Amino acid sequence: MDRRADLAAVIGAEAEGIVYLYASCDRKGAYPDLTRPDAAFHDRFTGHSHVPEPWARRDFAELSAANELDLARIDPAFRARWSPDLLALFARLRDLLTPEAWLDCRTVLARSADDLP
């Protein structure tokens, strides 16, 4: 937390803000309502809640997908255990994902064509 400025100096303030949103998010509270524009994010570091802008929700969804897909690609046990849940999550978040990210979710996480929402 005390090195956010260092990270911003390397990747830029906007990217650091996206990283912070991703790292600070209480996922159990955020994932069910993420597609609602008025749904609040709870910051697990500060305890405060706020309503992110639509672009921030989209960036959060994209970063979430990228992170989970990276894990699924390199760890067969992770993929076997979490693919159905993650595919269901990203299907719900589909409107926040780019078409490319959604295709990647289906490609990496779906076991067969029957699993695709």
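Visitor: Starting with Phe41, is that residue buried or exposed?
Guide: Phe41 counts as buried, at 2% relative accessibility, where buried means under 20% relative accessible area, exposed over 50% and partly exposed in between, with a 1.4 Å probe and protein chains only. This is a predicted model, in which local features need pLDDT of at least 70 and side-chain atom pairs count only at pLDDT 80 or more, while totals for chains, interfaces and linings use all residues. Residues are numbered from 1 along each chain as its sequence is written, and side-chain values use heavy atoms, with hydrogens and water left out.

Visitor: How many aromatic pairs are there?
Guide: The count comes to four aromatic pairs, taking rings of Phe, Tyr and Trp (its six-membered ring) as paired if their centres lie within 6.5 Å, with planes under 30 degrees apart called stacked, over 60 edge-to-face and the rest tilted. One of them joins Tyr22 and Phe60 in a tilted arrangement, 6.0 Å centre to centre with 45 degrees between the planes.

Visitor: And which elements do Tyr22 and Phe60 lie in?
Guide: Tyr22 belongs to helix H2 (residues 13–24) and Phe60 to helix H4 (residues 54–74), so this pair ties together parts that are 38 residues apart in sequence. Helices (H or I, at least four residues) and strands (E, at least two) are DSSP runs, numbered from the N terminus. Tyr22 is buried at a relative accessible area of 15%, and Phe60 is buried at 0%.

Visitor: What about Phe41 and Phe60?
Guide: Phe41 and Phe60 make an edge-to-face pair, 5.0 Å centre to centre and with 80 degrees between the planes. Since Phe41 is in strand E1 (residues 41–42) and Phe60 is in helix H4, the pair ties together parts 19 residues apart in sequence. Tyr22, Tyr31, Phe41 and Phe60 form one aromatic cluster.

Visitor: Switching topic, which residues line the largest pocket?
Guide: The lining consists of Tyr31, Glu68, Phe78, Trp82, Asp85, Leu86, Leu89 and Arg92, and these divide into five nonpolar, no polar and three charged residues. Here Ala, Val, Leu, Ile, Met, Phe, Trp, Tyr, Cys and Pro count as nonpolar, Asp, Glu, Lys and Arg as charged, and the others, Gly among them, as polar. A pocket, on a 1 Å grid over the protein atoms alone, is an open set of points with protein on both sides within 12 Å along at least five of seven lines, and lining residues have an atom within 4 Å of a point.

Visitor: Which helix gives the most to that lining?
Guide: Helix H5 (residues 76–92) gives the most, with six residues. Glu68, also in the lining, lies in helix H4 and counts as buried at 15% relative accessibility.

Visitor: Which ring does the charged end of Arg81 sit over?
Guide: The charged end of Arg81 sits over the ring of Trp82, 3.9 Å from its centre, the rule being that NZ of Lys or CZ of Arg is within 6 Å of the ring centre and within 35 degrees of the ring normal. Likewise, the charged end of Arg4 sits over the ring of Tyr20, 3.8 Å from its centre.

Visitor: Last one: how many disulfides?
Guide: The structure holds zero disulfides, a disulfide being a pair of cysteine sulfur atoms within 2.5 Å. The sulfur of Cys25 is 17 Å from the closest cysteine sulfur, that of Cys105, which is too far for a bond.

Note on methods
1 Å grid on protein atoms, 1.4 Å probe; cavity = no way out; pocket = protein on both sides within 12 Å on 5 of 7 lines; lining within 4 Å.
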